[in-house]
Amino acid sequence: MKTRRRLIDRPAFWGFLFTTPWLIGFLVFTAGPMLTSLYLSFTKYDLNTMQFVGTKNYHKLLFDDPIFLKSLRVTVTYALFAVPLGVTGSLGLALLLNLKLRGQRFFRTFFYLPAIVPSVASAVLWMWIFNSDYGLLNYALGIFGIGGVEWLSDEKYALSAIILMSLWGIGGSRMIIFLAGLQGISDTYYEAARLDGASVWQQFRYVTVPQLSPVIFFNVILGVIGSFQVFNSVYVMTNGGPNNATLTYALNLFRNAFEYFKFGKASAMAWILFVILLVITGIQFWTSKRWVHYEGEARS
Amino acid sequence: MTPTKKALAYAVLIGLSVVFLIPFVWTVSTSLKETQDVFKFPPQWIPHPAHWENFPKAWSALPFNRWVLNTIFVAVSCTIGAVVSGSLVAYGFSRFQFKGRNVMFFTMLATMMLPSQVTQIPTFMIWRQLGAIDTFYPLIVPALFGGGAFNIFLMRQFFLTIPREFDEAAMLDGAGFFRIWWKILLPLSAPVITTVAVLTFLGQWDDFAGPLIYLNSPENLTVSVGLRMFMDSYGTDENLLMAASLIHIAPMIILFFCAQKYFMKGINLSGLGGR
């Protein structure tokens with residue numbers, strides 16, 4: 001019969017002990033707040049008095065809050081442009097950097113640099129670039145004979161300006177992950193494709209894309225989640241204006257919570273956001289079976 | 001590649017580099033101009049003479065000294081906390097079998113998808129109850145519990161690549177688990193430790209919503225919120241504003257160049273690199 005070892009001698013005990021910092025943090029800063037926030041979403045709460053109101057917050061938000069619906073529209077529009085442009089842009093840069101040429105190290109650094117600029121500094125410097133009278137962008141457009149516009153103070157262009165600015169950062173970690181993925185594709189696939197007479201485009205379409213599909217999938221999911229949480233740039237540059245044209249979901253939520261102190265309503269907004277992201281991510285996982293290719297599956 | 005194709009590729013690479021770098025050049029150029037030259041059109045790219053005094057002017061207009069020190073304090077505390085606690089957690093996940101390990105690990109990965117807004121309000125209520133509003137605790141303490149799922153994941157992936165024979169050899173020599181973590185795993189994990197440290201530091205330096213919610217007094221602010229305040233007071237002095245932005249940007253660029261070698265490698269190790 002095995003003698004019972006003291007707790008301290010068991011590796012399992014130590015393993016659990018080492019992971020407890022995460023577990024405690026998870027309970028205190030994630031699980032607990034999640035449940036609290038779910039409860040708060042059914043209340044009216046302004047830090048002083050709390051009143052249970054049932055599903056009223058949800059009902060009002062979804063059916064009787066034009067500002068909320070506007071912020072949802074703004075965010076979806078942002079995501080519909082920023083995610084595809086951002087993902088194809090960073091994939092394009094990675095493909096360029098993957099060409100066997102000298103000096104790629106420098107180009108990689110140049111592409112990456114904008115991604116480490118702090119978001120507030122980036123917002124401040126882009127406001128100056130977007131300045132309608134003395135800004136760089138209208139000056140550059142002027143060289144090509146295109147008349148400038150009021151980028152940030154015209155309702156028609158403000159959101160485009162925010163999307164354009166976000167593209168400055170496409171050379172960041174997303175591109176690096178693509179680049180690593182590209183470097184992980186074995187040359188034998190390309191050699192086989194070339195032997196079969198595949199053109200460069202066909203090699204890209206039938207070798208690169210399937211081989212890279214898990215990475216593309218990962219970047220799209222993270223891109224969507226990120227685009228639903230745009231806050232710093234709009235808070236600094238436009239404060240949601242003009243006429244709420246750049247009022248993103250996250251900015252509207254922040255205002256309700258920390259400017260109007262409507263903590264119940266803001267919690268309901270947070271949970272609606274969470275559910276939206278879960279549904280979108282679920283749909284992406286579901287459709288991914290058709291186009292994401294995993295190495296193990298192909299072999300079996 | 002044929003020479004024509006090569007030339008074309010270089011043309012595209014150089015063209016794109018110019019596009020990515022021009023905002024930096026524009027910022028530096030504006031920051032060195034005299035006020036009246038800022039609003040000259042077409043813009044003048046190389047200001048002469050260069051007005052270097054814009055930097056001390058911007059620096060001393062508002063308490064940037066204090067803000068930079070505050071931000072460094074918060075960022076360094078978070079970085080040390082995240083590396084120490086995160087590597088312990090990653091050690092637990094990568095080297096031990098215990099009941100509930102996989103459930104915990106997948107729960108941890110799932111938290112990466114949780115929008116921060118869901119936990120923001122109750123967390124604010126906790127800190128308010130504890131009387132910690134307008135202190136650095138709300139910014140630092142959460143980082144001491146592993147430093148976030150992504151960091152733990154990165155370190156775990158790296159630890160899995162270190163042969164267990166090293167642990168076993170150390171154990172035969174009488175080393176305990178803490179010693180193995182400290183003497184074997186950490187020294188062998190320089191690339192991933194550097195990556196996690198740089199990412200945490202960058203994240204804290206960049207953080208805006210956290211300080212915006214928790215810090216109020218002017219002397220307690222961090223650079224990001226301070227820069228926003230500077231914008232409110234000196235928004236029309238574009239040369240000073242650009243100088244102030246560069247105060248925010250420059251440390252990150254320096255950090256990036258110092259850590260670049262490890263850093264790029266570390267991101268590649270995120271588990272997706274080699275798939």
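**Legends to close-up views of a predicted model**

**View 1. B:Asp134 has 13 C-beta neighbours inside 10 Å and therefore counts as partly exposed.** Burial is scored here with C-beta atoms placed from the backbone, a residue being buried if 20 or more other C-beta atoms lie within 10 Å of its own, exposed if 12 or fewer, and partly exposed in between. B:Asp134 sits in the loop between H6 and helix H7 (137-140) of chain B, where helices (H or I, at least four residues) and strands (E, at least two) are DSSP runs numbered from the N terminus. Its phi is positive, near 70 degrees, in a residue other than glycine. The model is a predicted one, in which local features need pLDDT of at least 70 and side-chain atom pairs count only at pLDDT 80 or more, while totals for chains, interfaces and linings use all residues. Residues are numbered from 1 along each chain as its sequence is written, and chains are lettered from A, and ligands numbered from 1, in the order in which they are written.

**View 2. The loop between H11 and H12 of chain A contains A:Asn239 and A:Pro242.** A:Asn239 is not a glycine, yet has a positive phi of about 50 degrees, and with 12 other C-beta atoms within 10 Å it is exposed. The peptide bond from A:Gly241 to A:Pro242 is cis, with omega near -15 degrees. Most residues other than glycine have a negative phi, and most peptide bonds are trans.

**View 3. Helix H12 (residues 249-259) and helix H13 (residues 263-291) of chain A cross at roughly 155 degrees, with axes that come within 8 Å.** This makes H12(A) roughly antiparallel to H13(A), angles under 35 degrees counting as roughly parallel, over 145 as roughly antiparallel, 65 to 115 as roughly perpendicular and the rest as oblique. Axes are lines fitted to C-alpha atoms, for helices over the stretch in contact, and angles run from 0 to 180 degrees between N-to-C directions. Residues contributed by H12(A) to the contact include A:Tyr249 and A:Leu253, and those from H13(A) include A:Met269 and A:Leu273; two residues are in contact if their C-beta atoms, placed from the backbone, lie within 7 Å. Eight of the eleven residues of H12(A) are buried, and these pack against helix H3 (66-97), helix H11 (232-237) and H13 of chain A together with helix H6 (117-129) of chain B.

View 4. A:Phe107, A:Phe110 and A:Phe111 of H4(A) make the contact with B:Leu13, B:Leu16, B:Ser17, B:Phe20 and B:Leu21 of H1(B).

**View 5. A:Pro118 lies in the loop between helix H4 (104-112) and helix H5 (119-130) of chain A.** With 23 C-beta neighbours inside 10 Å, A:Pro118 counts as buried. Leaving aside neighbours within four places in sequence, A:Pro118 is in contact with residues of chain B, among them B:Trp205, B:His248 and B:Met252.

**View 6. Residues 271-275 of chain B have a pLDDT below 50, although chain B averages 90.** The pLDDT is the predictor's confidence in each residue, from 0 to 100. Beyond near neighbours in sequence, this stretch has 13 contacts in the model. Where pLDDT is low, the predicted coordinates should not be read in detail.
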